[in-house]
Protein chains: 2
Amino acid sequence: MREVAIVGIGQTPVEEHWDISLRELAAKAVLNAMDDAGAEDVDALYVGNMLSGILTNQENLGALIAECVGLSGIEAVKIEAACGSAAAAFRQAVLGVASGMIDSAVAVGVEKLTEMSGRATTHGLATASDGDYEMAIGLSFVAINALLMRRYMHEYGWEKNDFAPFVINAHRNAAHNPNAMFQNQINQEQYNLAKVVADPINLLDSSPIGDGAAAVLVVPAEDADKYDGQVITVAACEIGTDTIALDNREDPLWLKGVERSTAKAFRTAGVRHQDIDLFEVHDAFSIITALSLEACGFAEKGQALRMANDESIGLKGKLPLTTMGGLKGRGHPVGATGLYQIVEAATQLRGDAPDALQIDAPNCVMAQNIGGSGANVITSILKRRD
Amino acid sequence: MREVAIVGIGQTPVEEHWDISLRELAAKAVLNAMDDAGAEDVDALYVGNMLSGILTNQENLGALIAECVGLSGIEAVKIEAACGSAAAAFRQAVLGVASGMIDSAVAVGVEKLTEMSGRATTHGLATASDGDYEMAIGLSFVAINALLMRRYMHEYGWEKNDFAPFVINAHRNAAHNPNAMFQNQINQEQYNLAKVVADPINLLDSSPIGDGAAAVLVVPAEDADKYDGQVITVAACEIGTDTIALDNREDPLWLKGVERSTAKAFRTAGVRHQDIDLFEVHDAFSIITALSLEACGFAEKGQALRMANDESIGLKGKLPLTTMGGLKGRGHPVGATGLYQIVEAATQLRGDAPDALQIDAPNCVMAQNIGGSGANVITSILKRRD
């Protein structure tokens, strides 16, 4: 198989994009990525998206977006894996280029969540849970995560406010990211006073929905120098899954999909935990940050909150997390999020992050995108090319 | 890249499956395909589906179905390209195995369309059209195809009943396919009297919606002999696209996506028109059969209806069409259809079709699955292994 490289990246700010349509939003990110690479065309387009059918009455986004960027005719499909859709689209682009059957591919994640009522969006997001066994009994997606958080606190004796440092860290970084939805810092007191959404999850534990699109252009590593963009090597992009319904898991506090996906990615990339210079974790809810760190092997079971301090997760810490604000601060346009993470990881490797956010010369970074409460997990490991 | 082979096939009958859920329906086809190959596990699962989010409140089908077949943990995603979703999932499975990163993959197409009201289903199907420029002005998907059919009759001087032989042929074959939804033959008089759905399209021009699932197991050709199933070579599986909205096309009567997809597939497989022993055409509406034959190069522009006779399209004709009943007779569970076509094509190559339907020793067969009115076209060419 061929080694694969990222030669172009693009994104739109995450916000409420009421002035442009879904296709135009995606097109902006695709054209930014192609422009970054100096590419005029590509062989294939993989669109990550979760809710365009339910919220925008539009399927077949592949053909739609290909036309909108002036590339009607090329291979183009949509990939869906709930909130993991964008990184799953990235995985397909990598497979296509690795196979030798495609010589260049754009993966774009796009989502518009703010045009419909909150109720419609909440309904849409619940389709990431098990429709027959969770949604049917009235559990919203937040409620499912609230059950996890409550159980975690009960099992390991943590207090609610022990989760705050993850959120404070994310907002502190988002404040310097011009593409982030929230550019305000928060403190412990604000966290303590935040309105409860689904007890014990409060508003600041929850990543905000938003509209946005992010894209990368991937090519065979051997062709990468033909493009303008600074080259990033895709050392691994691997998928692991788990049951969707929590009650089908042996231990709901152990994300097997995360464990599997991480193990595969580490094996493919030939790296160990200590090699990872920063981690774009899927902080959809602060409980998911904690559970991910544990199932990835960065923390002992039940002990991830011990890492919730600046020496561990801050920009100068041992394992910087959510360096551009994460889902919490940058925003979580669900089917686009995985590619925001990959674009941000690539930006850090290039040394192109805003000064206040740039990690000191990272060599190897990890991004993990999750669909459902750990049901579909895509782990990407990117490296700076020597 | 590695050559890819099909070693297992599975399907459920197309009908109104009110007694089992979406996941169980898909699981039946997956397990049938694995059983056919004698495989106990696979590396990856690609699910083709269009409307599970809108009609069944369920996304993330990859993880859901992987669990349901006892393979929770494996790589699994959903691929969507409207009515072309299943063959697009097959394409991803082929890319994955060709890349060397995946050693075995099941592609399954699944759809349940009959549980909701006809109105909900009509709304869902319309998301295959352009939401902003077609659906928004009230065009249903049938109405879009009716515009095409009317224009074709006007432009080339054909009468409505000239389309009948395509439909009669499909039903004649479906009558012998135990998995077909309609097992009744029809005649010209019935066609002439059929109720109009969207003038000039009548009920017998339209393929019926239905529930169903079909699956194949693909592996590297070099490993194929380790499996039980009779081996079929995947000579090509290629995607071409076009605009979704008809008004954006230079000539609405010329399906550029079909032309592109077919040309790519012929090039990849190294075959010409005369090499194709049978063609599973995407006969969603009889006008689409005609336009496809022309854009594929099997008929001159405006002249496909000249082929609509037994010497051309019958089981002993020059280019047998819809040999198991096609979308019209077997039924059209939209996101599953492409894999029904591939399973049927493989069945013919194996010599395992019902006696009344078996083509005499075919060597090279073609299946074409279309999403939208020609917006996303996936052409597969399968060969018997020598």
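Into which domains is chain A divided? Select residues 4-117 + 210-233 of chain A for domain 1, then 139-207 + 236-384 for domain 2; these bounds come from an automatic or database domain assignment. This is a predicted model, in which local features need pLDDT of at least 70, side-chain atom pairs count only at pLDDT 80 or more, and totals for chains, interfaces and linings use all residues. Residues are numbered from 1 along each chain as its sequence is written, and chains are lettered from A and ligands numbered from 1 in the order in which they are written.

**Between the domains of chain A**

The C-alpha centres of the two domains of chain A lie 23 Å apart. Across the boundary, 37 residues of domain 1 of chain A are in contact with 36 residues of domain 2, contact meaning that the C-beta atoms, placed from the backbone, lie within 7 Å. On the domain 1 side, colour β1 (4-11), α4 (85-99), β4 (105-111), β7 (212-220) and β8 (232-241) of chain A, the elements that give two or more residues. Helices (H or I, at least four residues) and strands (E, at least two) are DSSP runs, numbered from the N terminus. The largest share of this side, seven residues, belongs to α4(A). By class, the domain 1 side holds 23 nonpolar, 10 polar and four charged residues. Ala, Val, Leu, Ile, Met, Phe, Trp, Tyr, Cys and Pro count as nonpolar, Asp, Glu, Lys and Arg as charged, and the others, Gly among them, as polar.

**Helix α5 of chain A**

Next select residues 118-126 of chain A, helix α5. Its buried residues are G124(A), L125(A) and A126(A); a residue is buried if 20 or more other C-beta atoms, placed from the backbone, lie within 10 Å of its own. They pack against α2 (52-56) and α6 (141-156) of chain A.

**From chain A to chain B**

Show both chains: 52 residues of chain A are in contact with 52 residues of chain B. On the chain A side, α2, α3 (61-68), β3 (75-80), α4, β8 and α9 (256-269) give two or more residues each. This side has 21 nonpolar, 22 polar and nine charged residues.

**A helix pair in chain B**

Finally, select α6 (141-156) and α10 (286-296) of chain B, which pack at an angle of about 60° with their axes 9 Å apart. The contact is made by N145(B), L148(B), M149(B) and Y152(B) of α6(B) and by I287(B), I288(B) and A290(B) of α10(B). These residues divide into six nonpolar, one polar and no charged.

Note on methods: Contact = placed C-beta atoms within 7 Å. Buried ≥ 20, exposed ≤ 12 C-beta atoms within 10 Å, placed from the backbone. Axes fitted to C-alpha atoms, helices over the stretch in contact; angles between N-to-C directions.
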